[in-house]
Amino acid sequence: MKILVAIKRVLDYSVKVRVKTDHSDVDLANAKMSMNPFCEIAVEEAVRLKEAGVASEIIVVSIGSKAVQETIRSAMAMGADRGIWIDSGEAALSPLTIAQLLAKVVQAEQPSVVLLGKQAIDSDDNQTGQMLAALCDYPQATFASKVTIADSKATVVREVDGGLQTLQLALPLVVTTDLRLNEPRYVKLPDIMKAKKKPLDTQTPESLGVSLNNSVKMIKVEPPSERKAGIMVPDVDALINSLKNQAKVL
Amino acid sequence: MEFGLSTEQQLIVDTVRSFVENEMYPHEAEIERTGQVPLELGLEIRDKCRDLGFYAANMPEAVGGGGLNHLDFTLLERELGRPSMALSVFFGRPSGILLACEGEQRERYLLPAVRGERFDALAMTEPDAGSDVRGMKCYAKQDGGDWIINGSKHFISHADIADFVIVFVATGEEQTAQGKKKLITCFLVDRDTAGFEIRKGYQSVSHRGYHNCILNFDNCRVPAAQILGEVHQGFDMANKWLYGTRLTVAAFCVGRARRVFELALPYAAERKQFGQAIGRFQGVSFKLADMITEIDAADYLTLAAAWKMDQGLDADREIASAKLYATEMLARVTDQALQIFGGMGLMSDLPLERFWRDARVERIWDGTSEIQRHIISRHLLRPLGC
Ligand SMILES: Cc1cc2nc3c(=O)[nH]c(=O)nc-3n(C[C@H](O)[C@H](O)[C@H](O)COP(=O)(O)OP(=O)(O)OC[C@H]3O[C@@H](n4cnc5c(N)ncnc54)[C@H](O)[C@@H]3O)c2cc1C
Ligand SMILES: Cc1cc2nc3c(=O)[nH]c(=O)nc-3n(C[C@H](O)[C@H](O)[C@H](O)COP(=O)(O)OP(=O)(O)OC[C@H]3O[C@@H](n4cnc5c(N)ncnc54)[C@H](O)[C@@H]3O)c2cc1C
């Protein structure tokens, strides 16, 4: 059984985000980039499914400029078997375009499970997995916190408002991962060294027959307004008083 | 020339960084308070490093190590400069000199050290012989197929957790151009050997929880099979294998300095006095400018020396320069960082005072700053007949 994992290279979660002075975008110059944490969870889940004997091959795919190869290699160090880099240059891509590119890869590879992060911590769209499932006409289970695959069926526990929902789905399917699905491992030194030798295939939007006509245009980026410092209140009465009269939330 | 990290190097750095942040930082405050690493914790760190294949990363793959070259290992050591040394010692970097093990020594010392089953410590220094290693008084006399060791060593790092000690002992004298000099032999001595005692050492201002010990040899009988290398060749062996460990001191200092800098920079941007961030005052901002410039300089000196070693070139002078500059840089950087924190910098509620204390030993061990300057200047002047 094949698993396809889509991964995105994003600004590292620990970096303090700066906006470019012309407000055109977030400033990525010299900033540390890493694999999107939800994608890391997706890779980890795939590796666990392989270790459990459920999956036989893990393919990772990433879309972007040359630098995403590094992200693919780190997924390989975690345990992915081979990679596909879709060279889209520096173009900004909308979730629909990404989903269209991924759908072509799904068509070619015919995986039983497609794993994606539920969202990327840069644009926070939370759309790609859903759109991909629609384009492929696959069932989908988003926000997964537990994934079990047996007897050609997937049982996925989802984190939803107010609790957990359990779905049973037929394969092939799309799963997007939530934070509590697993804790990604540290990569092993020998696996870092092996990652270099794993096959990495290059594709382009043209070779996949997808045109990059972007339906979404970014107009302006602004930093969130600074939060005012809090105040100290002496006792509960003062707290209730200020919630009523100053914050006006009671 | 290539100054960026390869994908593999970046992965090594990222992995070690997240390992020390998640597995070591949370225990640091407690170790500072108690001055002791619970052995279970140390062994847990060791076990995790073993599982990750990072244990003994400095040793060749042929003996079961990680097989990193000097440059990659220096990058790893740089990350290990960040956490408490009392914890990072369990990350496992057996002394490279163990590669001189031969025959059954490999099974008894080298391989178990690489597997993390036996810890080693290395002993040269004595109360009357520090910088002047060849002035050592600890001596061994041959008795049939055995050697009998007498004397003592002090300041021996982490001998409290060592299963065996690599110890340098005088075994004779020779006439040299500079007068009589001791001939030195290197022995491998197991912890429980009769006549060998490992005692608690002194209380040090630097690296709480990372202990130094006193070793006593009282008619300690050791078979000749436990000589590492050849009889009388210990001094040359030390020179051959131990220059490299000096570079790890430099790498430690660079990593530690970056951690300190990462605390001082945002503090300067956030702490307000006189109605604005203190980073707006040149008195503070120029400190930051000097700090980062010196950190980068030490970093490049260190990496360049490691690169030279990987090329098989003589790097003794460059290693001495890196060790000298990085250790002195760390002293200045920790002092300035503490200054930027003002009064709070001195308080043990924050780690600044600890980094400042820890930095002090770096200019002393593995050859003092003066000895490094001696090495550097002799390299320059000796060829001129001076
Ligand atoms: C915490 C700690 C851990 C240690 N761990 C180990 C260990 O694991 N194994 C080990 O073998 N040793 C260890 N050492 C010993 C360390 O290497 C020595 O302290 C160091 O070599 C200096 O020797 P010394 O302390 O005897 O000082 P000395 O050699 O007595 O030096 C005193 C002063 O004289 C200066 N000086 C000496 N000779 C010259 C010269 N020719 N020219 C100019 N100045 C000179 C020195 O620079 C220094 O400022 C450790 C030391 C410490 C503090
Ligand atoms: C052990 C101890 C005992 C003390 N005892 C007392 C006491 O009994 N009574 C009392 O009232 N106080 C006491 N103090 C407080 C002491 O006087 C302050 O710590 C000191 O004035 C510095 O203030 P700060 O720590 O808030 O640092 P900050 O004022 O926040 O300074 C932080 C850094 O910014 C720099 N800086 C600030 N402003 C400027 C500027 N305009 N230009 C350039 N650089 C600037 C400072 O030099 C420093 O490096 C004590 C402090 C200590 C550590």
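Mentor: In this predicted model, let us begin with helix α9 of chain B, whose buried residues pack against α6 (234-270) and α8 of chain B. Helix α9(B) covers residues 352-362, and its buried residues are Leu352(B), Phe355(B), Trp356(B), Asp358(B), Ala359(B), Val361(B) and Glu362(B). An α-helix has 3.6 residues a turn, so residues three or four places apart point the same way.

Ligand 2 is surrounded by 13 residues, and the closest are Ile278(B), Phe281(B), Gly283(B), Gly342(B) and Gly343(B). Two elements of chain B, α7 (282-310) and α8 (316-340), each give two or more residues to this shell. By class, the shell around ligand 2 holds seven nonpolar, five polar and one charged residues.

Helix α7(B) also has a helical neighbour to consider. Helix α3(B), residues 70-80, packs with α7(B) at an angle of about 150°, and the two axes are 7 Å apart. Because angles over 145 degrees count as roughly antiparallel, α3(B) is roughly antiparallel to α7(B). On the α3(B) side, His70(B), Leu71(B) and Thr74(B) take part; they meet Thr302(B), Leu303(B), Ala306(B), Trp307(B), Met309(B) and Asp310(B) of α7(B). This contact comprises five nonpolar, three polar and one charged residues.

Finally, chain B has a partner: 13 of its residues are in contact with twelve residues of chain A. On the chain A side, α2 (68-78) and α5 (189-195) each supply at least two residues.

Terms used. Residues are numbered from 1 along each chain as its sequence is written. Chains are lettered from A and ligands numbered from 1 in the order in which they are written. This is a predicted model: local features need pLDDT of at least 70, side-chain atom pairs count only at pLDDT 80 or more; totals for chains, interfaces and linings use all residues. Two residues are in contact if their C-beta atoms, placed from the backbone, lie within 7 Å. Helices (H or I, at least four residues) and strands (E, at least two) are DSSP runs, numbered from the N terminus. A residue is near a molecule or strand if its C-beta atom, placed from the backbone, lies within 6 Å of it. Ala, Val, Leu, Ile, Met, Phe, Trp, Tyr, Cys and Pro count as nonpolar, Asp, Glu, Lys and Arg as charged, and the others, Gly among them, as polar. A residue is buried if 20 or more other C-beta atoms lie within 10 Å of its own, exposed if 12 or fewer, and partly exposed in between; C-beta atoms are placed from the backbone. Axes are lines fitted to C-alpha atoms, for helices over the stretch in contact, and angles run from 0 to 180 degrees between N-to-C directions. Angles under 35 degrees count as roughly parallel, over 145 as roughly antiparallel, 65 to 115 as roughly perpendicular and the rest as oblique.
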